[in-house]
Amino acid sequence: LHFLVDNAKKEVENKKAELAVAKSLLVPDLELQGGWSYQTRSVSESGTFENGAYIAASLINIPVVYQFKPEIEKAKYEIEKAELKYQDLMIDVTRTITDAWENYSVARDNLNFYNKELLKNSEELLDTSYKSLKKKEISMTEFLMMRKIYLELMFGYANALKSYYVAYAEL
């Protein structure tokens, strides 16, 4: 999830940079040149080597007629779109984390209930029914029913344990 959030943030930043580029097109590009030059004897009028400095300037992309409004509007739209996408992703991330926490809490509470109450009571009940079977107070069928209930409870405990660790891993 962290990777998706970082990508969404970078996309918003990229769109803002595209808007800055579109707005910068409104400023004319000024090009300055300069240096040192010379003319050979064959080119110069005096027939000697002539040298000297030169400087030149030019303007490019003068936004008099074309104001780059479509590019600027498109860049603004793209920023809004990227920000909405980021907000949607954050809502999904929040929902996913909240759901994972709720699943973990339910699984933890269920496992704690098994550990604190059901396992202890069911083992005592199984021991009591075994002792009753030895004393011939209950029949073998009743003991097997109690054992079946105990095994179902152990199966439920195993499922609760699995659910707990799955929820913990998802969190």
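Me: Which residues do ring pairs link into a cluster?

Reply: A pair of aromatic rings is described by the distance of the centres and the angle of the planes. Rings of Phe, Tyr and Trp (its six-membered ring) pair if their centres lie within 6.5 Å; planes under 30 degrees apart count as stacked, over 60 as edge-to-face and the rest as tilted. Here, the cluster joined by ring pairs consists of Trp101, Tyr104, Tyr164, Tyr165 and Tyr168. The model is predicted: local features need pLDDT of at least 70 and side-chain atom pairs count only at pLDDT 80 or more, whereas totals for chains, interfaces and linings use all residues. Residues are numbered from 1 along each chain as its sequence is written, and side-chain values use heavy atoms, with hydrogens and water left out.

Me: How many aromatic pairs does a search of the whole structure find?

Reply: The search finds seven aromatic pairs. In one of them, the ring centres of Tyr104 and Tyr164 are 5.5 Å apart and the planes stand at 35 degrees, so this pair is tilted. Tyr104 belongs to helix 2 (residues 69-134) and Tyr164 to helix 3 (residues 140-170), so that distant parts of the chain, 60 residues apart, are linked. Helices are DSSP runs (H or I, at least four residues), numbered from the N terminus.

Me: Are Tyr104 and Tyr164 buried or exposed?

Reply: Buried means under 20% relative accessible area, exposed over 50%, and partly exposed in between (1.4 Å probe, protein chains only). Tyr104 is buried at 10% relative accessibility, and Tyr164 is buried at 17%.

Me: What kind of aromatic pair do Tyr130 and Phe143 form?

Reply: Tyr130 and Phe143 form a tilted pair, with 5.9 Å from centre to centre and 55 degrees between the planes. Tyr130 lies in helix 2 and Phe143 in helix 3, so parts that are 13 residues apart in sequence are tied together. Tyr130 is partly exposed at 40% relative accessibility, whereas Phe143 is buried at 12%.

Me: Which residues make up the largest nonpolar core?

Reply: In soluble globular proteins, nonpolar side chains tend to be buried together. A nonpolar core is a set of buried Ala, Val, Leu, Ile, Met, Phe, Trp, Tyr and Cys residues joined through side-chain atoms within 4.5 Å. The largest core has 10 residues: Tyr104, Ala107, Leu111, Tyr114, Leu119, Leu153, Tyr157, Ala160, Tyr164 and Ala167. Helix 2 and helix 3 are the elements that give two or more residues to this core.
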